[in-house]
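Hello,

My notes follow below it.

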Amino acid sequence: MSVLVAPKRQVEVKINDQAVSVPEGTTILQACQGLGVEIPTLCYLRTLHPVNVCRVCVVEVEGARTLVPSCSRAVEPGMVVRTGTERVRHSRKMVLEFLASSVDLSTTPGVAEWLDEYECRPARYGPPAPPAPAGVRDLAPPGHHEPPRPEYAATVAQPVKIDNDLYVRDYAKCILCYKCVEGCGSDHQNTFAIAVAGRGFDARISTEFAVGLPDSACVYCGNCIAVCPTGALMFKSEFDHRQAGSWNERRQTRVHTICPYCGVGCTLELHVQDNEIVRVTSPFDHDVTVGNLCVKGRFGWRFVQNRAAASSDKASANDPDDPPVDVVGPAEIKPR
């Protein structure tokens, strides 16, 4: 028996003096994207519930007292939206400057172009403060702030957390976008291994009681890595390549395959550089995974490289007069 669903009522709005009709419940951001109007955002992802924290996507709505976050504000009949007014540009400039002066944005895609577009000058706040020693920010009690050092721009710089072989946490790059918290929590994984601790500038992402990942509730699904926009959460393999100076996305190809571990049929997107799998993702628009994977799908691919390497070693150890050895497994990873 089929169920008929009534179509959504259309809402007439104006965006940058252009009239548009969109379904009721559409956000301003979605309406703008439909028109091809680009709005920068860091904390928004279509597979997650919007939390309105980065404030880069704000726009001006006629009659509103304040700028509104376009990622969560739904359109209303007769709404007049402007996305590039001086007020909007100034707000975005200040937010981006504050972020760039306190956070390492070197691995955040697109942000360098935004800094240029909005004429940001984060260096005017002074040189960055020295990195905090390991563990200091993790244990900062809420409400007890250290006096500021006016000769420096306050930063969240701290050593990288490496406590497992699968992924690293570089919180010097964390902008508190909440994406990892939402993905680990009620939006997808429902593990609730991480949350925001502290207040004000001491706010940070933390496990329960700031324990290491191996002692936390983390199940290593890696879905937090998939949604992180800045590289604060990163595959250990990618981190090692970056440290060695060998990470090069221009040399990488993407291969789609199906996870071999169970019958769910999750689509894997293998990122391959120089015939080595360097990380694994899943498409956000895939109706099975919605970008999510389990620990096996996300990290259980090393056997491919190990088997290929072992077969190569075995072949090289043979006597030149011996017949060639059959290579078990993929000797070369090729895109389909």
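**What I found**

Asp170 touches Gln158, Val160, Gly231 and Ala232, leaving aside residues up to four places away in sequence. Please keep in mind that this is a predicted model. Asp170 sits in the loop between strand E6 (167–169) and helix H4 (179–184). Is Asp170 buried or exposed? With a relative accessible area of 10%, Asp170 is buried, because the cut-off for buried is under 20%.

Next, have a look at helix H1 (residues 28–35), where Ile28, Leu29, Ala31 and Cys32 are buried. Looking down the axis of H1, you will find its buried residues within an arc of 160°, so they line one face of the helix. Just after H1 comes Gly36, with a positive phi of about 80°.

Then there are the cavities: the structure holds 4 of 30 Å³ or more.

- The largest cavity has about 150 Å³ of space. Its lining is made of 19 residues, with Tyr167, Cys184, Ile194, Cys218 and Cys224 nearest the centre. E6, H4 and helix H5 (223–227) are the elements that each give two or more residues to this lining.
- The second largest cavity has about 110 Å³. Among its 13 lining residues, Cys174, Cys177, Cys180, Cys228 and Ala232 lie nearest the centre. By class, that lining has 12 nonpolar, 1 polar and no charged residues.

Enjoy exploring!

Definitions and conventions:
Residues numbered from 1 in each chain as written. Predicted model: local features only at pLDDT ≥ 70, side-chain atom pairs only at ≥ 80, totals over all residues. Heavy atoms only, no water. Helix = DSSP H or I, 4+ residues; strand = E, 2+ residues; numbered from the N terminus. Buried < 20%, exposed > 50% of the residue type's maximum accessible area, 1.4 Å probe, protein only. Contact = heavy atoms within 4.5 Å. Arc of directions from axis to C-beta. 1 Å grid on protein atoms, 1.4 Å probe; cavity = no way out; pocket = protein on both sides within 12 Å on 5 of 7 lines; lining within 4 Å. Points joined across faces, edges and corners; volume = space filled by probe spheres on them. Nonpolar A, V, L, I, M, F, W, Y, C, P; charged D, E, K, R; others polar.
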